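Here are my notes on the model you sent.

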Amino acid sequence: MSFLKRSQKLEWHDSPETSDEDLETSFEFFYRTSRRMGIHANILNFLGSSIRNLGSPRSVSVLDLCCGRGDLASSILNWGKARNIDIQVLAVDRFGRLIQMAKERHGHKKGITFDIRDFSDSSFHHAQQFDFVVSSMGLHHLSDTQIVPFIRTVNLLAKAGFIICDLVRSARALMVMSVLSKMWGEEIIRHDAPLSIKRSLTVSDLERYVKEAGVDATRVQNYFGIYFRLTAERRLAMDPKLSPVPGLLST
Ligand SMILES: C[S@@+](CC[C@H](N)C(=O)[O-])C[C@H]1O[C@@H](n2cnc3c(N)ncnc32)[C@H](O)[C@@H]1O
């Protein structure tokens with residue numbers, strides 16, 4: 001297959017016709033795969049070091065965009081509790097059935113709110129509403145034309161920093177996903193898991209989109225050619241040493 005072009009085919013779990021059972025199967029697979037690959041741990045590490053860099057505030061707000069059935073949002077909440085940090089998470093997804101599932105699984109936990117919202121919702125037009133914005137495995141579900149607005153929205157909403165993690169479109173990632181999906185066995189996984197790689201961005205696609213979005217002070221890291229993270233920390237952006245005009249930012 002050519003990795004030059006992103007696939008435009010839809011994953012079955014993005015279709016309203018997918019049964020609840022298939023949706024559960026699909027999200028269980030992606031949840032376990034994200035954990036095994038270390039994606040959730042990576043996001044928690046980022047939050048940990050960014051919160052420390054902010055001087056360890058005792059309360060922090062987080063927006064989780066494209067939250068699916070809410071497993072990452074729940075991990076963030078538990079992580080905060082274990083460190084005595086009061087984290088308020090708003091987790092949104094455009095798909096009402098997933099928000100329903102998220103509420104059933106995690107809605108009873110204090111500090112977490114689930115809401116049906118597209119990332120382009122007008123409630124997200126006001127800047128810096130959250131300390132941190134996170135998003136995991138959401139980018140590859142967006143169309144080519146949604147990617148720049150998505151990165152701009154994440155950047156606009158985050159006061160202290162953001163992290164976006166997703167799969168990389170590469171031969172290695174495709175091989176890993178194909179093997180895992182065959183081991184898993186279900187038809188929806190055998191269809192969606194390899195397709196998720198074909199729909200993903202290459203690292204150079206991502207860098208091009210970030211540049212097009214005009215978002216500065218970001219860092220792209222590639223993990224084994226399987227997933228990437230795009231991060232930004234405002235504290236670093238406000239570092240006087242990095243100021244383009246000497247003396248403009250006080251120490
Ligand atoms: C693979 S799931 C990721 C779920 C979750 N973040 C995780 O890591 O388990 C991608 C999610 O993105 C959501 N999504 C796709 N387009 C969206 C949009 N425009 N606005 C909000 N959510 C969107 C889908 O409904 C789907 O639940």
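1. Start with Phe-46. Leaving aside residues up to four places away in sequence, Phe-46 touches Ile-163 and Thr-231. This is a predicted model, so please read every value below as computed. Phe-46 sits in helix H2. The C-alpha atoms of Phe-46 and Gly-161 are 9.4 Å apart, although 115 residues separate them along the chain.

2. Now the helix itself. H2 covers residues 39-53, which makes 15 residues. From first C-alpha to last, H2 reaches 21 Å. That is close to the 21 Å expected at 1.5 Å a residue.

3. Which residues of H2 are buried? They are Ile-39, His-40, Ile-43, Leu-47, Ser-50 and Ile-51. Viewed down the axis of H2, these buried residues fall within an arc of 105°, so they line one face of the helix.

4. What do the buried residues of H2 pack against? The helices are H1 (20-37) and H3 (71-82). The strands are S1 (59-65), S4 (130-136), S5 (158-167) and S7 (227-233).

5. H2 is followed by Gly-55. The phi of Gly-55 is positive, near 95°.

6. Two other positive phi values deserve a look. Most residues other than glycine have a negative phi. Ala-217 has a positive phi near 55° and is not a glycine. Ala-217 lies in the loop between helix H8 (203-213) and strand S6 (218-223). With 15 other C-beta atoms within 10 Å, Ala-217 is partly exposed.

7. Phe-224 is the other case. Its phi is positive, about 60°, and Phe-224 is not a glycine. Phe-224 is found in the loop between S6 and S7. Is Phe-224 buried or exposed? Phe-224 counts as exposed, because it has 12 C-beta neighbours inside 10 Å.

8. Turn to the ligand. There are 19 residues around the ligand. Those that come nearest are Cys-66, Gly-68, Arg-94, Phe-95 and Ser-136. The elements that give two or more residues to this shell are H1 and H3. H1 supplies the largest share, 3 residues.

9. What is the make-up of the ligand shell by class? It has 10 nonpolar, 5 polar and 4 charged residues.

10. Last, the whole protein. It has 9 helices and 7 strands. Along its principal axes the C-alpha trace spans about 60 × 45 × 30 Å. A compact globule of 251 residues would have a radius of gyration near 18 Å, and the protein agrees, with 18 Å.

11. Of the 251 residues, 42% count as buried. Take the contacts between residues at least 6 apart in sequence: 72% of them join residues at least 24 apart.

Notes. Residues numbered from 1 in each chain as written. Predicted model: local features only at pLDDT ≥ 70, side-chain atom pairs only at ≥ 80, totals over all residues. Helix = DSSP H or I, 4+ residues; strand = E, 2+ residues; numbered from the N terminus. Expected span 1.5 Å × (residues − 1). Buried ≥ 20, exposed ≤ 12 C-beta atoms within 10 Å, placed from the backbone. Arc of directions from axis to C-beta. Contact = placed C-beta atoms within 7 Å. Near = placed C-beta within 6 Å. Nonpolar A, V, L, I, M, F, W, Y, C, P; charged D, E, K, R; others polar. Rg over C-alpha atoms; globule rule 2.2 N^0.38 Å.
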